[in-house]
Amino acid sequence: VIYSGLVLNMKGVERAAAAGISHVEISISASDTHGIKNAGMTTSQALSQAKDMIRLAKGFHQTIRAGIQCSFGCNFEGEVEAAEIIRIIDDYLEHGVDIICLSDTTGMATPLQLEYLLGKIVPRAKHIPVMLHLHDTRGLGLVNVLTALSNGVTFFDTSFGGMGGCPFVRGAS
């Protein structure tokens with residue numbers, strides 16, 4: 001069993017370390033509106049802080065999963081450009097994270113989007129595993145998993161029994 005903690009700021013990294021958590025997810029939103037609602041920061045503010053969080057987590061010898069919320073779209077802002085996701089991933093990779101996690105926070109991912117984005121990201125990540133956090137909001141969860149598997153993804157973040165979702169994203173089941 002691996003216990004991990006989602007951390008959105010420096011205090012979260014410190015609290016996770018104090019609690020003995022050896023795996024953290026430093027997760028930022030690719031959508032400014034979602035990021036402000038979720039963590040009180042724009043994407044650029046969160047990415048800047050993430051660099052310090054990564055350094056701190058490394059100091060605690062924590063495994064770092066670097067997440068990108070709203071990787072496949074945002075119900076507040078619409079489409080999120082693939083170039084923005086790639087820019088964030090490049091920054092994460094430059095700072096030495098252990099895992100990349102693309103999150104379908106609002107449940108907007110489609111198999112075609114997944115295939116396109118994973119085709120750009122999996123080779124770029126090289127030896128760093130790419131994982132997905134998917135939602136089944138529009139009934140595409142299973143087909144998205146199959147698409148991801150056929151594109152080299154073998155790690156998935158999920159919940160069971162109807163738990164999960166984002167409290168301020170209507171319908172993100």
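User: So a pocket here is an open set of points on a 1 Å grid, with protein on both sides within 12 Å along at least five of seven lines. What is the volume of the second largest pocket?

Analyst: About 210 Å³. Keep in mind that this is a predicted model.

User: Which residues line the second largest pocket?

Analyst: Ile2, Ser4, His23, Val24, Thr63, Ile64, Arg65, Ile99, Pro129, Met131 and Phe155 line the second largest pocket.

User: And how do those divide by class, nonpolar, polar and charged?

Analyst: Seven are nonpolar, three are polar and one is charged.

User: Which strand gives the most to that lining?

Analyst: Strand 3 does, with three residues. Strand 2 is also a contributor, as strands 2 and 3 each supply at least two residues of the lining.

User: Arg65 is in that list. What does arginine 65 form a salt bridge with?

Analyst: With glutamate 25, and the closest N and O atoms are 3.0 Å apart. Arginine 65 sits in strand 3 (residues 63-69) and glutamate 25 in strand 2 (residues 23-29), so this pair ties together parts that are 40 residues apart in sequence.

User: Is that pair buried or exposed?

Analyst: Both arginine 65 and glutamate 25 are buried. The cut-off for that is under 20% relative accessible area.

User: How many salt bridges does the count come to?

Analyst: Five salt bridges. Another one of them joins the side chains of aspartate 52 and arginine 55, at 2.4 Å from N to O.

User: How accessible are arginine 124 and aspartate 90?

Analyst: Arginine 124 has 35% relative accessibility and aspartate 90 has 29%.

User: Which residues are closest to its centre?

Analyst: Ser27, Ile28, Ala39, Met41 and Ala46 are the closest, out of 13 residues that line the largest cavity. The elements giving two or more residues to that lining are strand 2, helix 2 (32-39) and helix 3.

User: Which of them gives the most?

Analyst: Strand 2, with four residues.

User: How many charged residues are in that lining?

Analyst: None: the lining of the largest cavity has seven nonpolar and six polar residues, and no charged ones.

User: Okay, the surface now. Which residues form a nonpolar patch?

Analyst: Leu142, Leu146 and Leu149 do, and together they have about 320 Å² of accessible area. Leucine 149 is in helix 6 (residues 141-149), and its relative accessible area of 43% makes it partly exposed.

User: What about the backbone, which residues other than glycine have a positive phi?

Analyst: Histidine 61 is one of them, with phi near 60°, and lysine 126 is another, with phi near 55°. For context, most residues other than glycine have a negative phi.

User: Where do histidine 61 and lysine 126 lie?

Analyst: Both are in loops: histidine 61 between helix 3 and strand 3, lysine 126 between helix 5 and strand 5 (130-133).

User: Buried or exposed, for histidine 61 and lysine 126?

Analyst: Histidine 61 is exposed at 71% relative accessibility, and lysine 126 is exposed too, with a relative accessible area of 69%.

User: Last one. How far apart in space are lysine 11 and leucine 140?

Analyst: 36 Å, C-alpha to C-alpha, and they are 129 residues apart in sequence. Lysine 11 has its place in helix 1 (residues 10-18) and is partly exposed, at 45% relative accessible area.

Definitions and conventions
Residues are numbered from 1 along each chain as its sequence is written. This is a predicted model: local features need pLDDT of at least 70, side-chain atom pairs count only at pLDDT 80 or more; totals for chains, interfaces and linings use all residues. Side-chain values use heavy atoms; hydrogens and water are left out. A salt bridge is a side-chain nitrogen of Lys or Arg within 4 Å of a carboxyl oxygen of Asp or Glu. Buried means under 20% relative accessible area, exposed over 50%, partly exposed in between (1.4 Å probe, protein chains only). Patches are made of residues with over 30% relative accessible area and no salt bridge: like charges are joined within 9 Å, nonpolar side chains (Val, Leu, Ile, Met, Phe, Trp, Tyr) within 5 Å. Accessible areas come from the Shrake-Rupley method with a 1.4 Å probe; for residues, only the protein chains shown count as cover. On a 1 Å grid over the protein atoms alone, a cavity is a set of points where a 1.4 Å probe fits but cannot get out, and a pocket is an open set with protein on both sides within 12 Å along at least five of seven lines; lining residues have an atom within 4 Å of a point. Ala, Val, Leu, Ile, Met, Phe, Trp, Tyr, Cys and Pro count as nonpolar, Asp, Glu, Lys and Arg as charged, and the others, Gly among them, as polar. Grid points are joined across faces, edges and corners, and a volume is the space filled by probe spheres set on the points.
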